[in-house]
Amino acid sequence: MLALHGDHPLTLARIRRYVLELTGEDWFRRRWPQPMRLHIADGRGDRHARCSSCDGLLFKLSFPRATRSEYFVLHELAHACTWHTAQTDHDLIFMRALLVLVRKRMGRSAAELLRREWQAARLVT
Ligand SMILES: [Zn+2]
């Protein structure tokens, strides 16, 4: 449900602007002060959105057309934010970061919906 929230598909240019604006916000810089360079790429030929990095500094976030929605952008960005702290791909550290991003950008009710989905799937208590 959240995946399809808002306008989509977003253009890559809009995703770039969105990410640039978000990562420049004060609260974001305070929460994730580590240097992070983000490159938004076309995920053509792939089925899933991805976040990859060779050095933990420069991140490539790729979005196949079907994944160009705000939620997927926040999901991949949360991977970059927790690259050095999460133990596994979708662990609690990652989930907490994603929940913060969703609350800040998509609102409280979206964050609540996400938390309830995780609870239903027994990912969190
Ligand atoms: Zn993921």
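**Close-up views of a predicted model**

**View 1. Arg122 is exposed, with a relative accessible area of 75%.** Exposed means over 50% relative accessible area, buried under 20% and partly exposed in between, with a 1.4 Å probe and protein chains only. Arg122 sits in the segment after α5 (108-120). Its phi is positive, about 60 degrees, although Arg122 is not a glycine. Most residues other than glycine have a negative phi. This is a predicted model: local features need pLDDT of at least 70, side-chain atom pairs count only at pLDDT 80 or more, and totals for chains, interfaces and linings use all residues. Residues are numbered from 1 along each chain as its sequence is written, and side-chain values use heavy atoms, without hydrogens and water.

**View 2. Three strands make an open, mixed sheet in the order β1-β3-β2.** Helices (H or I, at least four residues) and strands (E, at least two) are DSSP runs, numbered from the N terminus. Strands pair if DSSP finds at least two bridges between them. β1 (37-42) and β2 (50-53) are at the edges, each with a single partner strand, so one side of each lacks a neighbour in the sheet. The twist averages 25 degrees from one strand to the next. Angles run from 0 to 180 degrees between N-to-C directions, and axes are lines fitted to C-alpha atoms, for helices over the stretch in contact.

**View 3. β2 and β3 (residues 58-63) run antiparallel, joined by four bridges.** Arg50 has Ser62 in β3 as its bridge partner.

**View 4. Helix α1 (residues 12-23) packs on the sheet.** α1 touches β1 and β3; contact means heavy atoms within 4.5 Å. The direction of α1 makes about 165 degrees with that of β1.
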